[in-house]
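Subject: Structure for you to look at

Hello,

Here is the structure I promised. Please open it and keep it beside this email as you read.

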2 protein chains.
Amino acid sequence: MTSPSTKPMRQQAEEYISKLQEDIVTALEKLDPNAPPFKRDSWLRPQGGRGLSAVFAVPHSSTSQAAAAMQNTVLEKAGVNISIVHGVLPPAAVKQMRADHGSMQNIEGSLPFFAAGISLVIHPRNPHAPTVHANYRYFETTEPIAEGQGAESAQGKVLAWWFGGGADLTPAYLYEEDAAHFHRTLKEAADPHGAAVYPTFKKWCDEYFFIKHRGEARGIGGMFFDDVCDEPHKRFPGEADAQRPRTQEAIFAMIRALGDAFVPSYIPILERRMRTLTNEHEKRWQQLRRGRYVEFNLVYDRGTLFGMLTPGARIESVLISMPETARWEYMSDLGGDGENSEEGKIVQVLRTPKEWV
Amino acid sequence: MTSPSTKPMRQQAEEYISKLQEDIVTALEKLDPNAPPFKRDSWLRPQGGRGLSAVFAVPHSSTSQAAAAMQNTVLEKAGVNISIVHGVLPPAAVKQMRADHGSMQNIEGSLPFFAAGISLVIHPRNPHAPTVHANYRYFETTEPIAEGQGAESAQGKVLAWWFGGGADLTPAYLYEEDAAHFHRTLKEAADPHGAAVYPTFKKWCDEYFFIKHRGEARGIGGMFFDDVCDEPHKRFPGEADAQRPRTQEAIFAMIRALGDAFVPSYIPILERRMRTLTNEHEKRWQQLRRGRYVEFNLVYDRGTLFGMLTPGARIESVLISMPETARWEYMSDLGGDGENSEEGKIVQVLRTPKEWV
């Protein structure tokens with residue numbers, strides 16, 4: 001056992017997501033040594049903070065021969081980004097947050113905030129290899145600093161803090177063993193932190209990543225959570241509250257366990273499927289599913305919408321989650337025939353989310 | 001001069017949009033006689049009403065040779081739809097409409113409505129041929145019919161009615177003469193109906209079809225309007241009110257003039273550009289612009305969002321506006337270099353909408 005860190009959580013969170021980003025990018029690069037490396041792109045936010053984008057995309061070649069050679073990469077497009085930002089939340093945002101945080105009940109007006117998070121989306125090229133998304137973040141609001149005290153390093157008392165995040169898998173073709181492996185790995189990481197954690201966040205994930213206008217889930221789920229702190233949480237009512245981490249240190253330990261589980265939850269699946277023999281038909285279905293991914297992200301995803309509608313947001317980072325290409329067909333003949341095709345099989349699972357573990 | 005029709009406006013509107021749909025589809029089919037015809041798909045709305053979709057899409061072939069032959073069509077994907085529906089507006093929708101219609105001031109609760117509209121999106125295959133969108137609709141709310149009087153044909157007194165619509169052009173490459181032709185044709189159709197019509201609706205169009213998170217217009221504009229009736233309209237303040245049609249008959253005459261202008265405003269442009277020699281680079285830019293089209297439609301377009309979020313809506317008709325394929329690149333090298341490339345030139349115009357006539 002090591003003794004609890006005495007560093008402020010801001011710093012611990014920043015250090016953890018930086019290391020996790022590097023681990024994930026390294027694992028992906030190792031899997032495909034002949035592909036171009038991820039492009040690291042560090043940026044500063046004029047209003048405060050910084051970020052580091054690590055992006056995979058295949059450069060465009062002027063000759064079709066060179067272009068074809070590039071099409072052999074395992075990944076089609078991927079972004080593994082971290083951002084560590086601070087600034088001032090407008091009154092409307094503060095008001096919205098009061099609902100979930102008792103410690104903010106008497107706060108009016110705007111408030112300083114700090115946020116550190118990692119966010120990733122990986123779209124592999126092979127239609128048998130699933131798209132994956134994960135995101136872990138720490139958020140803090142603090143008391144305003146009086147005018148004159150405002151040194152860059154000055155920081156008011158923490159008023160509220162919370163963690164959010166999750167990971168979810170979006171296959172175009174269903175491999176039950178992949179879905180089970182992904183969920184099992186997350187569950188095994190979560191279980192030591194409380195028996196209610198996995199079932200609660202699994203259910204929340206199925207609810208969140210749902211494309212209402214299609215009546216389908218985006219993928220086969222995983223975990224999703226938000227506003228987890230030492231105050232009571234509406235998703236852990238009654239006795240469930242004792243079956244989840246309740247201190248900042250315990251919650252951060254769970255976050256690290258889930259973050260560390262990303263590589264073992266996903267890389268073995270990618271490795272298994274990335275060289276599967278495929279054809280035009282399967283690629284067309286993958287493109288149609290990418291269209292659904294775009295629909296979810298632009299219509300429902302809170303993070304994407306928040307990013308797009310925030311003045312001064314870095315739009316290229318916000319929309320890194322988009323697939324390289326997507327497709328829409330009117331009344332497509334694919335996917336509507338239930339058990340009679342591989343396309344129909346996954347649609348059935350998306351319409352009725354399953355327990356995988 | 002013919003004498004004014006004595007038919008109810010519902011019926012006149014339905015007849016007009018049906019004929020306009022047929023005229024537009026015929027013009028498009030004539031342009032490309034070897035392509036498969038539009039697929040006519042009529043549907044009934046269980047809650048009341050009907051529609052007729054006319055959709056162009058290239059069927060999928062099992063051999064890549066047959067598929068390649070199909071790739072020679074002028075159009076890539078197109079939908080020209082009409083719908084004539086009636087039902088009951090929920091109280092929230094009624095409340096929202098009261099703001100624009102004095103005749104609804106004292107109305108509370110839900111109300112019967114009738115809507116007849118034509119809506120079209122045409123995505124040609126050649127990157128030099130622009131995408132076009134147009135939409136014309138008539139809307140009516142009526143007094144509720146008392147229980148017992150409720151024969152299918154029974155209809156209460158009209159409480160409020162209005163027209164809305166417009167047309168706009170979205171090129172991937174800028175041809176100033178095309179933009180000027182499109183705007184000039186619309187302006188010439190609008191001018192006999194009042195000098196304020198074109199300038200007012202042109203400006204409204206530039207404001208409406210704006211992708212805020214990109215700081216770019218969707219295309220080079222056209223006309224856009226809503227809530228036009230015999231009551232005062234906030235877009236025609238003061239003296240402008242005398243320079244626009246103000247009776248139901250006069251407004252419907254303007255709608256017909258604009259609807260009839262669709263074919264001459266667009267088909268000559270399509271004819272000019274549809275066989276332009278092109279290459280992979282231009283197709284890639286077209287795909288990136290299609291991505292922007294998707295972003296606008298899913299994030300900002302009221303009609304699309306209303307359709308997607310309405311329970312029981314026909315989602316395939318709502319999302320017919322999607323291009324067949326679209327593309328997203330992180331920090332694309334295309335379009336950011338101003339006057340130095342054809343891609344940069346159109347981005348400049350999208351950032352600063354121009355007067356074309």
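Start with two helices, H8(B) and H11(B): they are roughly parallel to each other, because their axes cross at roughly 20 degrees and angles under 35 degrees count as roughly parallel. Keep in mind that this is a predicted model.

H8(B) covers residues 280-299, and H11(B) covers residues 342-351. Their axes come within 12 Å. The crossing is right-handed.

Which residues of H8(B) meet H11(B)? They are His281(B), Trp285(B) and Arg289(B). On the H11(B) side, look for Glu343(B), Ile346(B), Val347(B) and Leu350(B). By class, this contact has four nonpolar, one polar and two charged residues.

Now turn to chain A. Strands of a sheet pair through backbone hydrogen bonds, either parallel or antiparallel. Here you will find an open sheet of seven strands with antiparallel pairing. The order is E1-E2-E3-E4-E5-E6-E9. Strand E1 (39-44) and strand E9 (221-228) of chain A are the edges, and each pairs on one side only. On average, neighbouring strands are turned by 10 degrees against each other, direction ignored.

Zoom in on E9(A). Its antiparallel partner is strand E6 (residues 158-170) of chain A, over six bridges. Gly166(A) stands opposite Phe224(A) in E9(A).

Two helices of chain A belong in this picture. Helix H4 (residues 176-190) lies across E5, E6 and E9 of chain A. H4 runs at about 30 degrees to E9(A). Helix H5 (residues 197-208) packs on the sheet and touches E6 and E9 of chain A. The direction of H5 makes about 100 degrees with that of E9(A).

Best wishes

How values were computed
Residues numbered from 1 in each chain as written. Chains lettered and ligands numbered in written order. Predicted model: local features only at pLDDT ≥ 70, side-chain atom pairs only at ≥ 80, totals over all residues. Heavy atoms only, no water. Axes fitted to C-alpha atoms, helices over the stretch in contact; angles between N-to-C directions. Helix = DSSP H or I, 4+ residues; strand = E, 2+ residues; numbered from the N terminus. Parallel < 35°, antiparallel > 145°, perpendicular 65-115°, else oblique. Left-handed = near helix turned anticlockwise from the far one by under 90°. Contact = heavy atoms within 4.5 Å. Nonpolar A, V, L, I, M, F, W, Y, C, P; charged D, E, K, R; others polar. Pairing = 2+ DSSP bridges.
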